[in-house]
Amino acid sequence: MQFHHHGYVSGDPRVLPAAGVGVDRPDDLPDEMDVLIVGSGPAGMIAAAQLSRFPSITTRIVERRPGRLAIGQADGIQARSVETFDAFGFAERITAEAYRITEMAFWQPDAEDPGRIVRGARPLDDTTGVSEYPHLIVNQARVLDYFAEYMANAPTRMRPDYGWAFQGLEIDDDAEYPVAVTLLDTSDESSGETRTVRAKYVIGADGARSAVRQAIGCTLAGDQANHAWGVMDALAVTDFPDIRTKCAIQSGSGGSILLIPREGGHLFRMYVDLGEVPSGGSDAVRSTSIEQIIDHANTILSPYRLDVKHVAWHSVYEVGHRLTDRFDDVPLDELGTRTPRVFITGDACHTHSAKAGQGMNVSMQDGFNLAWKLGHVLEGRSPESLLATYSAERQVVARELIDFDREWSSLMAKRPEEFEDPSELADFYVRTAEFPAGFMTEYSPSAIVGEATHQHLASGFPIGKRFKSALTSRIADANHIHLGHHATADGRWRIYVFADDASPSSGRAAELAAWLQDAPESPLRVVPEGVRSDDWFDVKIVYQQRHTDIDIGAVPPVFRPRVGPFDLIDYEKVYARHPDIDIFEERGIDRDGAIVVVRPDQYVAHVLPLTATAELAEFFDGVMGRETN
């Protein structure tokens, strides 16, 4: 964490100075705003948190509830999400209070006595070391609390506007604020008072029954639900030995349980298989009582017993897999002809079962993907065409998620005798671990994702996939730092220069530094007057040598930018290889060096040779909408 560059700070350094629209921010919802977010679930809150870092942009987030969410239905936090939390500054704190999944036990019928269950496989949760961060379980409400704290401490001093429900919208492309949104005051529903506000862009993060989705003519299409599950968060006394271990339990008597221990050491969640839903039987299934769910759980757990003492929350749901054909208001036959004004995120555009633990995680990546793009367009950093990449990128991810969840849900619902091999479920879990962990997302080439022509120069940083951090040594203070952990959700593009083996003052990396600093076509030279290049671009260098072999005074100034009103030198952008773990070997980086460009949402956008200044300039010309001759 860096601070004091504006002067001595004696308070909490996470509370940034108010700036722009955050200075004297009005309490009441204004009549006009740049971005209106509907819904304060995970997708809406992460979008608001990201936009809270853009001081010149007026963003408001409305929620029909009267206050914060007390109990959330989602609880699984995949490692990719924890990486994202690190960018928002609360990964360590939420990890400390969460339940950490280290392995998963698979229970199945005893071959000698099918009426009893026995433990089979017990694989590690992450067998490949795909991330330095863990797989966590923590209530969705706490995730939202952390995002609320982040945006309240951001320069715009953002906070949710509770007590407003979305009613409808109209779009007038000729208006300065094209989207007119009608809101109902739910703080006093008997009054029926409505008001209309106008926005340049609207984000619908209002769940599976999204009114915003309906307003732009999108519909969810896909499989009808045909299998039901009862879910409960409970406190119980039991002789089941793995009550504090994540488990998939299949019984010989029929039915399955997915058991997920919760944070705090005592609470757990159970998804209890209620079986196939007969045609027209949804109402009957949904009326299943908590007592019936508990009785069925005990049948599945035999010979073990579950004495439930308290149920914090329970529900019955049917598995359905639905997806919209687009994630914005531009019909497919009008793609490329106009700018999207309204977007939908999370459950508003894709629904699936909860058992793969993906709903909250994928929804947050929707919001993160969209929000920085809106910030860049509204601040004039990028052209409006950037906004079309949101639907193009995230719909593919949602489709892959639904395909995965359909297979996982089907396996969980199968009876033990239907498996050809008793280890089939456990094998699938291990084989596909990288997908539910959130690391199989790979964006296709576009204006913000380059071609893989030079991928061989940094094979461990696949273009289009998330930037996988690795240990380095910071030269200024010899601290061992994960390179990716220094990337915060500040809306900046990141340019990582992995140097050749020359000294800092010579070689290809030094030549690139001079070009970045001085060349008119360098992306660092096209920022507006009054804006420092470091405000838009975070440029770092990693040397192959040990930190003791690098004279930091000889490092080119572009890697030691001046910051703050006192023009202080930022020493935290210059790294060397870790003494025990060579990042060049760990990530397959060519010894002649490479440039790795990373987007504000932590995805690798390009890999280039150190000498490819023309290609780097061309890429950012497209990103920034810069006209070239």
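**Helix 1**

I started with helix 1 and listed its buried residues: P42, A43, G44, M45, I46, A47, A48, A49, Q50 and L51. Buried here means under 20% relative accessible area, while exposed means over 50% and partly exposed is in between (1.4 Å probe, protein chains only). I then looked up what they pack against: strand 1 (32–38), strand 2 (59–63), helix 2, helix 4 (140–153), strand 11 (194–204) and helix 8. Contact means heavy atoms within 4.5 Å. Helices (H or I, at least four residues) and strands (E, at least two) are DSSP runs, numbered from the N terminus.

**Notes on the model**

This is a predicted model, where local features need pLDDT of at least 70 and side-chain atom pairs count only at pLDDT 80 or more, while totals for chains, interfaces and linings use all residues. Residues are numbered from 1 along each chain as its sequence is written, and side-chain values use heavy atoms, with hydrogens and water left out.

**Helix 2 and helix 8**

Next I checked how helix 2 (residues 79–87) meets helix 8 (residues 359–378): their axes come within 9 Å and cross at roughly 40°. That makes helix 2 oblique to helix 8. For angles, under 35 degrees counts as roughly parallel, over 145 as roughly antiparallel, 65 to 115 as roughly perpendicular and the rest as oblique. Axes are lines fitted to C-alpha atoms, for helices over the stretch in contact, and angles run from 0 to 180 degrees between N-to-C directions. On the helix 2 side I found R80, S81, T84 and F85, and they meet N361, M364, Q365 and F368 in helix 8. By class, that contact has three nonpolar, four polar and one charged residues. Ala, Val, Leu, Ile, Met, Phe, Trp, Tyr, Cys and Pro count as nonpolar, Asp, Glu, Lys and Arg as charged, and the others, Gly among them, as polar.

**Helix 11 and helix 14**

I looked up another pair: helix 11 (residues 507–518) and helix 14 (residues 613–624) pack at an angle of about 35°, with axes 11 Å apart. L512, W515 and L516 of helix 11 make the contact with T613, L616 and A617 of helix 14. I noted five nonpolar, one polar and no charged residues there.

**F537**

Then I picked F537, which sits in strand 24 (residues 537–543). F537 is buried, with a relative accessible area of 3%. R492 is 45 residues away from F537 in sequence, yet their C-alpha atoms are 5.3 Å apart. Not counting residues up to four places away in sequence, F537 touches R492, W493, I495, P523, L524, V527, F620 and M624.

Most residues other than glycine have a negative phi, and most peptide bonds are trans. I went looking for exceptions. The peptide bond from S302 to P303 is cis, with omega near 15°. P303 lies in the loop between helix 7 (290–301) and strand 17 (306–318). R157 is not a glycine, but its phi is positive, near 55°. I found R157 in the loop between helix 4 and strand 8 (161–162), and at 24% relative accessibility it counts as partly exposed. Q602 also has a positive phi, about 80°, without being a glycine. Q602 is in the loop between strand 28 (594–598) and strand 29 (604–608), and at 11% relative accessibility it counts as buried.
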